[in-house]
Amino acid sequence: MEALAEKTITKTHEGKYLTFVLGAEEYGIEILKVREIIGIMDITSVPQTPDYMKGVINLRGKVIPVIDLRLKFSMTEQEHTQETCTIVVEVNDSLIGIIVDTVSEVVDVGGEEIEDTPQLGQGIDTDFITGLGKVKGKIIILLDIEKVMSTEELEMVEEMTGN
Amino acid sequence: MSKSNEEEQNTNPGSDELTLDIKEDSEIFLEFLSEVHDHLEDSESNVLSIEDDVCEYETINSIFRSIHSIKGSAGFLGLTKMQGLSHELETLLDKVRKDEIAITQEIINISLSSIDILRKLRDNLEIKVNTELGNIKDSDSSPKEQPIDIQPLIDTILSILSKDDKPEEIVPQSPSDQSKTVDTELQSSESPQELTDKINNSEPEEDLVVAWENQESSEKDFLGEILLDEGTITQDQLDKAIYERGKKVGEILVEGGITTAEKIENALKEQKPIGQILAEKGEITEPQLADALKRQDRKVGEILVDSGATTAGNIDSALQSQQTQRTAKLQSRTVKVDTVKLDNLFDLVGELVVTNTLICGEMKSAKDNGTSKNLSQLTKITKDIQDQVMSMRMVTLKQTFQKMSRLVRDVSFRSGKKVRFQISGEDTELDKNVIEELADPLVHILRNSIDHGVETGEDRTANGKPVEGLVKLSAFHRGGNIIIEIQDDGKGLQKDRILQKAIDKGMVTSQSSLTDNQIYNLIFAPGLSTADKITNISGRGVGMDVVKKNIEKLRGNVEVTSEEGKGSTFTIKLPLTLAIIDGIVVNVGDTKYIIPTVSIEESLRPTREEVSTVKNQGEVVNIRGSLLSLVRLHKLYNIDTEKTNPWESIVVVVEGAEGRYGVLVDELLGQQQVVIKSLGDRFKNVKGISGSAILGDGRVGLILDVSGVKEAFAGNN
């Protein structure tokens with residue numbers, strides 16, 4: 001009974017994922033959430049925002065926010081290279097850009113290839129990880145991008161009130 | 001839908017059983033909502049125009065059509081309440097249309113309250129649709145569906161209808177029929193068409209004729225008007241044709257010189273109607289003649305009914321659809337477009353302009369004559385497209401003004417004052433967003449004008465004024481702005497009382513010398529109401545300050561001038577559009593900011609002596625004797641810059657909600673008109689930034705909100 005329930009949960013996460021690299025790790029975002037991939041553009045920084053909120057860019061006449069996922073995941077910031085990309089995703093009807101090291105490929109992740117996120121010890125937040133995908137011998141961390149963004153909003157509010 | 005099903009729903013009007021699923025057919029529902037909204041707006045303004053002027057057949061007919069359409073669509077969707085109420089209203093209007101009931105104040109009032117209720121029903125459906133579609137999250141702040149009881153209104157309408165049904169008892173076949181009609185109406189259980197048929201069948205013949213004749217005459221007017229509109233004929237030709245039509249055969253003969261007036265005169269004396277001649281010859285009897293004469297006057301529809309070819313109801317609905325088609329032809333020149341699409345188009349055009357500028361910049365060095373000519377052509381076209389797209393967002397003030405006339409009517413009715421309401425310039429166009437935000441301030445000001453400004457009838461006569469108060473609402477262009485004026489001929493503002501109140505509340509000191517205008521404009525300060533008693537219309541001292549705030553949010557301003565005993569005038573100045581502002585582009589480090597030109601007073605580079613610190617923390621700058629606090633933008637927003645000394649950079653003196661202060665920036669880069677883009681919810685907590693704009697180089701600049709900057713600055717210290 002329990003096994004059945006588990007299966008239905010993991011089943012819902014199977015599908016196509018866009019994978020990208022952050023440091024030594026590979027991550028995946030549901031392809032349906034991705035709008036486009038662009039190079040690094042001129043970013044206008046917005047004051048009074050957390051450091052991972054890099055600012056706003058002009059995406060063909062639309063002003064959209066851009067976050068640096070490295071900083072968001074508390075990694076060290078890195079100089080932008082030729083390979084650095086902005087993935088534009090649609091979260092709750094609004095567009096947001098995510099800066100990643102490199103975009104790799106689109107992979108099909110089947111339900112049986114997804115494993116639940118194991119406990120990683122205290123203090124490590126796994127809320128926005130929907131599971132770990134094992135594809136072609138690699139481990140892909142599958143992100144729930146909406147959750148990533150919503151925690152970001154909460155933090156921002158806290159930071160503001162802390163001021 | 002089967003009859004029994006409908007009956008069941010009607011006996012339990014509390015539950016609307018939707019025939020369609022909101023999620024699956026969301027488009028149908030959204031379309032219905034906007035359609036009903038338009039119909040109600042139209043009907044309301046038409047009802048109001050009936051109240052003002054002579055009641056015209058066409059006006060009533062168009063209200064009838066609107067309500068009829070609402071009824072039809074509501075029935076299709078299974079919205080029983082909306083259908084029920086619009087049905088009763090339709091029945092009432094139908095009688096008015098056929099001159100069976102004279103238009104009275106009562107009927108106008110009922111029509112208006114029915115429209116109000118229909119609007120509420122529509123709003124409920126809108127909330128329901130939005131909730132279903134997930135546009136509204138369940139929370140306390142989100143609007144809730146209001147329970148609405150339509151029964152009292154329906155009862156009132158029915159009572160008017162039944163009152164009117166009484167004369168029908170004179171008609172022999174009526175009594176049984178009539179009681180049946182009332183019964184069916186009370187139950188509202190029959191399909192609208194059947195009901196209409198029944199009512200029509202029980203009508204006295206004369207009324208039917210009157211209705212048709214009305215129809216006929218309006219058609220005739222129509223033809224001439226249509227030809228005139230199309231430019232096929234001129235007014236002169238039309239007049240001549242109408243004149244010709246009235247001529248007798250004799251007149252034409254005389255004019256043609258075929259005979260003389262005398263001969264005609266004699267012939268006319270001898271001439272007898274054909275019927276009379278026949279009767280004299282004994283071919284027919286007098287009753288037969290009378291009958292024939294009666295037939296002669298009849299319309300084709302009536303003859304069809306008599307011969308049993310069709311029913312009066314069918315004829316009626318045929319005539320109605322004939323009318324609808326005619327008006328539909330006139331209205332089909334407009335297309336409804338979703339505002340989101342317009343906004344997208346607007347964004348893209350903005351981007352086109354930016355790209356165009358960039359290319360022009362790159363090509364300038366090319367020195368190719370042909371290319372530069374083509375480029376300037378492209379620039380011109382791009383500009384034209386931008387203007388066109390901008391104008392698409394513009395809407396006339398008509399609807400807003402019409403809403404106001406309804407308000408004035410209601411308020412003056414409640415306060416028992418007679419008020420004449422004059423509107424001018426309702427064709428003035430403004431950005432859609434501005435118009436949406438404008439309604440509330442206008443409501444406040446108009447309420448105040450009627451409640452506080454216009455005196456009671458006795459007072460007015462005592463002061464030698466006409467009993468009827470006059471409130472004027474006008475809109476016009478002046479110097480790149482739209483001006484909206486609200487003028488009343490009431491008692492005006494009482495200077496001394498306002499000043500006294502302000503002193504009592506500690507807003508000004510008794511020593512301060514204020515000009516008359518400054519005193520009048522004190523009424524926009526929070527918490528100041530000069531009304532002696534609080535009525536349910538106004539007088540709580542909130543309102544005018546809200547008006548000022550709302551108008552300022554639209555980047556406009558509001559002022560009042562007044563003359564005691566003669567009335568007051570409120571002047572609202574608004575920018576043409578919310579989408580564009582004039583701004584000065586400045587930079588701090590790498591970041592570019594835009595300061596709205598309206599809030600800038602001057603900019604200067606102070607000398608080292610003019611800047612001094614207070615307690616080694618706060619800084620003030622001495623500008624021609626007045627000390628202003630200095631906000632260092634780079635410090636406030638943590639931006640790296642090399643220019644940290646005020647005497648090496650620029651101080652921009654701005655005026656915010658709490659007075660003047662100086663903003664320290666690196667450089668002024670120039671003045672520019674920019675298209676405002678919202679930064680979205682994500683940045684709504686950032687103080688001092690009201691939005692963003694795309695600058696000439698394609699980068700994003702942030703628009704400073706000078707009041708917000710001051711707040712952030714005060715918070716930081």
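## The site of B:His634

B:His634 belongs to helix α25 (residues 633-636) of chain B; helices here are DSSP runs of H or I with at least four residues, strands are runs of E with at least two, and both are numbered from the N terminus. B:His634 is buried, its relative accessible area being 10%. Buried stands for under 20% relative accessible area, exposed for over 50%, and partly exposed for values in between, with a 1.4 Å probe and protein chains only. Beyond its neighbours within four places in sequence, B:His634 contacts B:Val588, B:Ile639, B:Thr641, B:Thr644 and B:Leu664. A contact is counted when heavy atoms lie within 4.5 Å.

## Basis of the values

The model is predicted: local features need pLDDT of at least 70 and side-chain atom pairs pLDDT 80 or more, whereas totals for chains, interfaces and linings use all residues. Residues are numbered from 1 along each chain as its sequence is written, chains are lettered from A and ligands numbered from 1 in the order in which they are written, and side-chain values use heavy atoms, leaving out hydrogens and water.

## A five-stranded sheet in chain B

Chain B contains an open sheet of 5 strands in the order β2-β4-β5-β7-β6, with mixed pairing. Two strands are taken as paired if DSSP finds at least two bridges between them. At the edges stand β2 (419-424) and β6 (557-563) of chain B; each has a single partner strand, so one side of each has no neighbour in the sheet. From one strand to the next, the twist averages 15°. Axes are lines fitted to C-alpha atoms, for helices over the stretch in contact, and angles run from 0 to 180 degrees between N-to-C directions.

Strand β6(B) pairs with β7 (residues 567-575) of chain B in the antiparallel sense, over 7 bridges. B:Glu563 stands opposite B:Gly567 in β7(B). Two helices can be described with this sheet. Helix α19 (residues 398-415) of chain B packs on the sheet and touches β2 and β4 (469-478) of chain B, its direction making about 170° with that of β2(B). Helix α20 (residues 432-453) of chain B lies across β2, β4, β5 (481-488), β6 and β7 of chain B and runs at about 20° to β5(B).

## Chain A as a whole

Chain A has 3 helices and 11 strands, in the sequence pattern α-β-β-β-β-β-α-β-β-β-β-β-β-α. The chain has 163 residues, 45% of which count as buried. Of the contacts in chain A between residues at least 6 apart in sequence, 55% join residues at least 24 apart.

## Aromatic contacts in chain A

Over all chains, the whole structure has 5 aromatic pairs. The ring centres of A:Tyr27 and A:Phe73 are 5.5 Å apart with planes at 35°, so this pair is tilted. Rings of Phe, Tyr and Trp (its six-membered ring) pair if their centres lie within 6.5 Å; planes under 30 degrees apart are stacked, over 60 edge-to-face, and the rest tilted. A:Tyr27 lies in strand β2 (residues 25-30) of chain A and A:Phe73 in the loop between α2 (69-72) and β6 (85-91) of chain A, so the pair ties together parts that are 46 residues apart in sequence. Both residues are buried: A:Tyr27 has a relative accessible area of 7% and A:Phe73 one of 16%.

A:Phe73 also pairs with A:Phe128, with ring centres 5.3 Å apart and planes at 5°, so this pair is stacked. A:Phe128 is in the loop between β9 (114-115) and β10 (129-135) of chain A, 55 residues from A:Phe73. A:Phe128 is buried at 11% relative accessibility. One aromatic cluster is formed by A:Phe20, A:Tyr27, A:Phe73 and A:Phe128. Elsewhere, the charged end of A:Lys72 sits over the ring of A:Tyr52, 4.8 Å from its centre. Such a charge is counted if NZ of Lys or CZ of Arg is within 6 Å of the ring centre and within 35 degrees of the ring normal.

## Positive phi in chain A

Most residues other than glycine have a negative phi. A:Gln48, not a glycine, has a positive phi of about 60°. A:Gln48 is in the loop between β3 (34-38) and β4 (53-59) of chain A and is partly exposed, at 22% relative accessible area.

A:Lys136 has a positive phi near 45°. This residue is in the loop between β10 and β11 (138-143) of chain A. A:Lys136 is exposed, with a relative accessible area of 63%.
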